[in-house]
Amino acid sequence: MRWLLKLYPRVWRERYEDEMLTVLEDHKITPSTVFDLLLGALDANFHYNGFTEEISFMLDRVRSGIVMIFCSFMLYGIGWSLLQRLNDPIPDFQMINTIHPEFGVMHNAIFIVGFISFLAFLIGGLPIFYISVRRAYRDRKQNVLSSFRVAVSCLLLFAIITVILAIWHPQAHIYNILIGYLLLSALLLVVGIVAVSFVIARTEFQLSELKFVYIPEIIILFGMLASLVLSTILITRITANAPQLFITQDVSSTMFITGIIIMSLGTIFAVIGFKRGTVVQFEQFIQE
Amino acid sequence: MRSNELGRFSDASFLILSSLANGPKHGYAMMEDIKLFCGTQLEPGTLYGAISRLEKQGWIEALVTEERRRPYRLTSEGIIALREQVATLEQVSMVGKKRLATLEGF
């Protein structure tokens, strides 16, 4: 009888298939049962949308939580990138590292933890993004597709201006050009983040699709918290023991402190997003 | 009440609500109980069509699954709905009885 249940919509099967199979195992199957199941499948395909108000509320919470964590991680990423310049120029950093080897260890740890978070971000986020775009193409949802096109355009524009800058090697007004490049990149990043957020926020997901984001979210959050603590300790230690490390090519300690502030803001928003997306019923759903 | 939303499952829904009135039951137990108290053999397709609608209406709710069987129970809204349906049926039954008595008088 399992094959007959395949005629029911997927959302319906996720909810009732197991218990209905148990009933069918106990029930004497007659031609009337088969006919009844066929009628039931037809009815379910026409009338069952699977979203009671409670589930719909739960999905909204989980989805908005995902969007919040995505935006927070992007914000955190900017701060984390600023801190990566701490070992520039490398010879100076290596020299200090011989006296204070913990600086190198902490700097590497911040990089590794941030990178692991990034991997978790890709593992959890890319399937969700793929589902959104695929569903939008299938259902011709123009509001999702237009946001997707904006996101892709931002990525392409960023790639083009980066390639142009790499090939061009400007000799004059280099400072102005770099500032322009940074401002344009920041603008593209913001527009891209907003566009991707709209893609996710405008997609109707199944709970079964969103539950796979739960573990990556925990890893992302843990990584953000751990690297924030490590960064704060590192910057405090450098301030106390080797302030000359802040005088790098063109930046001072302000950049690194700004980085930590941005990372902190990103982490706080991510915690709020995680709390928002973790509703009691969703946890129960995962346990089942 | 939104009983019109139950469609062709309104009879099955009433039977399910009546079955759950004396305590939570899983799908097969409901089918057996209904067969016992009114002689109607509900098929699984009809049963789960009605269950999904009743759940959506908020008249019944699922409990924790036990060995692949998920019991259901009446909600307070379900009890009110069942009371109203029983009252309507009693009224219909009373009118039917009176008219039959009149008919038998001839």
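Leaving aside its neighbours within four places in sequence, with which residues is A:Phe103 in contact?

## A residue of the core

In this predicted model, and with neighbours within four places in sequence left aside, A:Phe103 is in contact with A:Phe93, A:Ile96, A:Asn97, A:Leu234, A:Arg237, A:Ile238, A:Asn241, A:Ala242 and A:Leu245, where contact means heavy atoms within 4.5 Å.

## How to read the model

Residues are numbered from 1 along each chain as its sequence is written, while chains are lettered from A and ligands numbered from 1 in the order in which they are written. Because the model is predicted, local features need pLDDT of at least 70 and side-chain atom pairs count only at pLDDT 80 or more, although totals for chains, interfaces and linings use all residues, and side-chain values use heavy atoms, with hydrogens and water left out.

## Two nonpolar cores

A nonpolar core is a set of buried Ala, Val, Leu, Ile, Met, Phe, Trp, Tyr and Cys residues joined through side-chain atoms within 4.5 Å; buried means under 20% relative accessible area, exposed means over 50%, and partly exposed lies in between (1.4 Å probe, protein chains only). The largest such core has 55 residues, of which A:Phe103 and A:Ile200 touch the most other members. Two or more residues of this core are given by each of α4 (53-83), α5 (90-99), α6 (101-139), α7 (142-168), α8 (174-201), α9 (207-210), α10 (214-241) and α11 (253-277) of chain A, and the largest share, twelve residues, comes from α4(A). Helices (H or I, at least four residues) and strands (E, at least two) are DSSP runs, numbered from the N terminus.

A second, separate core holds 34 residues, and among them are A:Met20 and A:Leu37 together with B:Leu42 and B:Tyr48.

## Transmembrane regions in the record

In an unreviewed entry, UniProt lists residues 65-83, 103-129, 150-168, 174-200, 212-235 and 255-274 of chain A under "transmembrane region"; its positions are given in the numbering used here, feature names are shortened, and annotations may be inferred rather than shown by experiment. In the model, residues 103-129 of chain A are 100% helix and 0% strand, with end C-alpha atoms 37 Å apart, and residues 212-235 of chain A are 92% helix and 0% strand, with end C-alpha atoms 36 Å apart.

A:Ser231 is part of helix α10 of chain A, and this residue counts as buried because its relative accessible area is 1%. Leaving aside neighbours within four places in sequence, A:Ser231 is in contact with A:Leu83, A:Ile110, A:Ile260 and A:Met263. A:Leu157, by contrast, is placed in helix α7 of chain A and counts as partly exposed because its relative accessibility is 43%. The C-alpha atoms of A:Leu157 and A:Leu184 are 9.5 Å apart, although 27 residues separate the two along the chain.

## Charged residues

A:Glu19 counts as buried because its relative accessibility is 4%, and A:Arg15 counts as buried because its value is 18%. A:Arg15 also meets B:Glu55 in a salt bridge (2.6 Å, N to O), and this pair crosses between chains, from helix α2 of chain A to helix α3 (residues 44-57) of chain B. Salt bridges that share partners join A:Arg15, A:Glu19, B:Glu55 and B:Arg70 into one network.

A:Arg13, which is found in helix α2 (residues 10-26) of chain A, is buried yet has no salt bridge, and the nearest side chain of opposite charge, A:Glu17, is 4.5 Å away. For this comparison, Lys and Arg count as positive and Asp and Glu as negative, while His and the chain ends are not counted. The side chain of A:Arg13 does, however, reach the backbone oxygen of A:Tyr8 at 3.2 Å.

## Chain B

Chain B has four helices and two strands, which run α-α-α-β-β-α from the N terminus on. Buried residues make up 40% of its 106 residues. In an unreviewed entry, UniProt places "domain: Transcription regulator PadR N-terminal" at residues 16-83 of chain B, a span that is 57% helix and 9% strand, with end C-alpha atoms 13 Å apart.

Terms used. Salt bridge = Lys/Arg side-chain N within 4 Å of Asp/Glu carboxyl O. Polar contact = N/O pair within 3.5 Å; in protein donor to acceptor, adjacent residues only side chain to side chain.
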